[in-house]
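Subject: Handing over the structure

Hello,

I am passing this structure on to you, with some notes on what was found in it. Please have a look at it first and then read on.

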Amino acid sequence: MPWTAAGRTLVAAVLLFLPAPIVIVVMSSFTARGYISFPPGELSLRWYAEFLASPDWLMSLVVSLVLAALAAAFSTLIAFLGALVFTRKRFPGAAGFETLVLLPLIFPHAALGVVMLGMAGMFGWTGRFPGLLLAHVIMTVPYAWRPIVSSLRKLDLSTEEAAMSLGARPLYVFRRVTLPLLRPGLVTALLFTFIISFDEVTVSLFLVGPDVTTLPVRIFAHIQDSGSPVIAAISTVLVALTVLVVLLLDRLIGLELFVESEQRRRPA
Amino acid sequence: MTRRNLLAATATLAATLALATPALAQGRGEIVMGAWGGGTSATWRTGVGEPFTARTGMPVRINEWPDPEPQLRAQAANPQYNMAIATYFNAANLHRDGLLETFDAKDIPALATVPDAYVLKAPDGKVIGIPAYFQYYGIAVNTDLAKTSDFQSWNDLAAAKWKGKLSVTRPIYASTYDLVMFAKIAGGDEKNIAPGLPLMKALGANAVNVYNSMAQLNTLLTRGEVTAAPYYVTRVWGLKEQGAKNVDFVLPKEGGLMLPYLLIVPKNAKHRDAYMAFLNFQLEPQQQLKMLDLSGYLPFNSTAQLEKKDVDRIGMPLKDLLARLYQPDWEVVARTHKERIDLVEQLLSR
Amino acid sequence: MRFGRLAWLLMLPLAAVLGLFLVSLGALVWSSFAGADGVPKLDLYARFFARRDYVDVLVRTLWVAGLTTLVSLAIGYPVAWAVARHKGRRDWLLVLIILPWLVSVVVRTYGWIVILGNRGLLNAFLGWLGVVDTPLKLMFNTTGIVIGLVHVFCPFMILAILAVFLHLERSLEEASMSLGAGPWQTFRKVIWPLSLPGVISGTMIVYLMATGAIVTPLLLGGLRDRMLGTQIYQEMFQVFDFPRAATMAVILTATALAVVLPLGMLERRVSRNLKGAS
């Protein structure tokens, strides 16, 4: 690809653009003033203290993390099982079926709230965790479906057939050949679904209750009434946590998230 | 007048103690309350919830939401809350859809301390919710970019020099607060809002955006992206308390809008003894004044005596303030809500 | 093929979850056709198109979503390439790309007010450079919305294209160039066609999400910049007029499908061609 100085500048600009508002938020979190201000002026850690000392905030963070993790796991699993069949078996109306799977993504997000409310109500799960989980799973399935189907389609079936012709049993082939090749797709699916669930607010607004509320809903509620920088502190904590997690994974497992590094794929 | 109030206050205290004691003896029941986030929930937790638990032994849980109606409507079949703080038009809407408990005035003795004009009643005479506190609506001004004398009248918002410098609230509030106020000063009222439309349109023409949260307008005002906007007095007081030196509040010469808030109870809510006691308890002068201290919201209990610093902050005695505030019939406002939101939306988009 | 009966068992969770969703969705969509006596009517739809500002909102939504998608593609493609071809550890680049996701979009907007406002950092910088006399209007208009939306959705585009680039053997490039093709030709004839599945995938996701955007247009748009996602949200949460919200949702879905279905067909055709070629 023509790789000019202009191209390099563009990429650098984008890589600066992405964190820019986040940097502002992080810096604003250290203000001693009671309202979000930039430059922060007098510095203080009071908003971090307020966040970390508040059982309500911490609880909503835990709920969001657990909810997102479970939603990601379930929707990736459900999508994966379905995608396996979808890409390997021919059946009529496949295109239509795929559109149906993507429907929670195609149908406007703002209108999904009432749909999910109807569903949760069917089971008496309004204001309860299972209702939230069900809604989040359904909303995230399309995000898991696409990367997984994409990966499955690129998978060269001859690799699997070769392994089996060498005497390996189907389940072994699946575990040792297929799954590792699908890793990028699966990891992308897990990542997308986790993020979508973690950030989701407009559907969750209908489904939360006094016993269970998510972090985005709480943030939304907070800013309706007050502009305290505690939300900037919370955002900074989240960013710091993620960076920490990636650092740890890197050191401990040496996990390259998406990549089949080219060295591994080149035949010896 | 004073003796009657004194009697009412004593009756309230006695009744509350009477109501609370059986609960104390049995220790059952709890309050599960929904409130706006940030300052509001903190106010209720510290100002009323903790003292209530201390007196009655009943726990009070306050959950934050951006708005009362979504969860209350979602949980109508099986309410998980038994208390919520809401605006009067929230209450009128919910009541019209049959989602609220109503009360006999005599069951809430503390109501006697609240002037009748502020009690929201259903057509059958029952009380829809119990008044909690109020604040008022005027104009917030960034004093680096303008002077408070620039906005002594609501009509000053239409001046051409403010083009692109003002902000306006969402149609859901603009149609119930701003439009009603503009109508009133032009010779109309909440029933006849047509006289208010020209000023509403002019405000829209001068506005650079529609603000969607207190936090957003706070940021825009303090940063000077917005010079002025119709806003809530408690928000400006809050900003000043938190150190903002360039924001001030003006109560225009035509007066301001009185914004009352009340406690509502979802229909079929649990723990009746608990919520009846709570409804009374929050109207006691001590709790009312504590909430004023915490958040700036003014008491409905007419026997609650304001301290000098509060009177100074308002700039006049409470009686004079009330004379300058307009209180619309919130039932009319709620009934016409939908069509007026549409009206304001279309008005602002041209 | 290999599955036999097992296939239906594997499909079951997906089918169950979808089925539940479709039933509830059907109820909502049905309410948009509600008429007196239970006879379906198009009243609500007629009333939607009769309102001049609603039609404006619809047109604006499609236009802004399209613009957002194009910009995301234009800047996402080179970034995906740069990340794919980066020698050394890519994880930190990826963290940088997904960093915006960790911060609630509502909170991000404070950052934008500080950066894009008339008295914000960007205008201060440009003014200091002497490039502009009066502040650029970058907020509370379509520009602000597009900047905000691109910021939210660009990572999706980057990751979708990156996934394809990572599968691309570097040797293909080398082979093409060793056969005498210049860099531009290599790009046009080899790299771009092979990256097409990722491009289409990213385009679909970004376009769909942009049409339904709620918070960004609300916070970064002006009075006359309303988008349909926000409008639906307001019907849902402030007026609780579900049938009217359903009407708008169905209309938006129809316009989204009009774009997504052809893209889906294109994607399938492209994938098949590529597989056939290899």
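To start with, in which loop of chain C does C:Phe240 lie? C:Phe240 is found in the loop between H11 and H12 of chain C; helices here are DSSP runs of H or I with at least four residues, strands are runs of E with at least two, and both are numbered from the N terminus.

Before going further, please keep in mind that this is a predicted model, in which local features need pLDDT of at least 70, side-chain atom pairs count only at pLDDT 80 or more, and totals for chains, interfaces and linings use all residues. Residues are numbered from 1 along each chain as its sequence is written, while chains are lettered from A and ligands numbered from 1 in the order in which they are written.

Back to the backbone. Most residues other than glycine have a negative phi, and most peptide bonds are trans. C:Phe240 is not a glycine, yet has a positive phi of about 60°. C:Phe240 counts as partly exposed because it has 16 C-beta neighbours inside 10 Å. The cut-offs are these: a residue is buried with 20 or more other C-beta atoms within 10 Å of its own, exposed with 12 or fewer, and partly exposed in between, the C-beta atoms being placed from the backbone.

B:Asn268 also has a positive phi, about 65°, although it is not a glycine. This residue sits in the loop between strand E9 (256-264) and helix H9 (272-281) of chain B. B:Asn268 has 12 C-beta neighbours inside 10 Å, so it counts as exposed.

In chain A, a cis peptide bond with omega of about 0° joins A:Phe38 and A:Pro39. A:Pro39 belongs to the loop between helix H2 (20-28) and helix H3 (46-52) of chain A.

Now for the chains together. Between chains C and A, 73 residues of chain C are in contact with 77 residues of chain A (two residues are in contact if their C-beta atoms, placed from the backbone, lie within 7 Å). H1(C) gives the largest share of chain C's side, 13 residues. By class, that side has 57 nonpolar, 11 polar and 5 charged residues. Here Ala, Val, Leu, Ile, Met, Phe, Trp, Tyr, Cys and Pro count as nonpolar, Asp, Glu, Lys and Arg as charged, and the others, Gly among them, as polar.

Chain C also meets chain B: 23 residues of chain B are in contact with 19 residues of chain C. On the chain B side, helix H3 (68-74), strand E6 (207-211), helix H7 (214-223) and helix H14 (337-349) each supply at least two residues. The largest share, 6 residues, comes from H14(B). The classes on this side of chain B are 8 nonpolar, 8 polar and 7 charged residues.

Finally, the domains, whose bounds come from an automatic or database domain assignment. Chain B has domain 1 (2-129 + 265-305) and domain 2 (135-258 + 328-349), with their C-alpha centres 29 Å apart. Their contact takes 11 residues from domain 1 and 10 residues from domain 2 of chain B. Helix H4 (residues 88-96) of chain B provides the largest share of the domain 1 side, 5 residues.

In chain C, the assignment gives domain 1 (1-32) and domain 2 (41-104 + 134-277), and 27 Å separate their centres, taken over C-alpha atoms. Here the contact takes 4 residues from domain 1 and 6 residues from domain 2 of chain C.

Enjoy exploring it!

Best wishes
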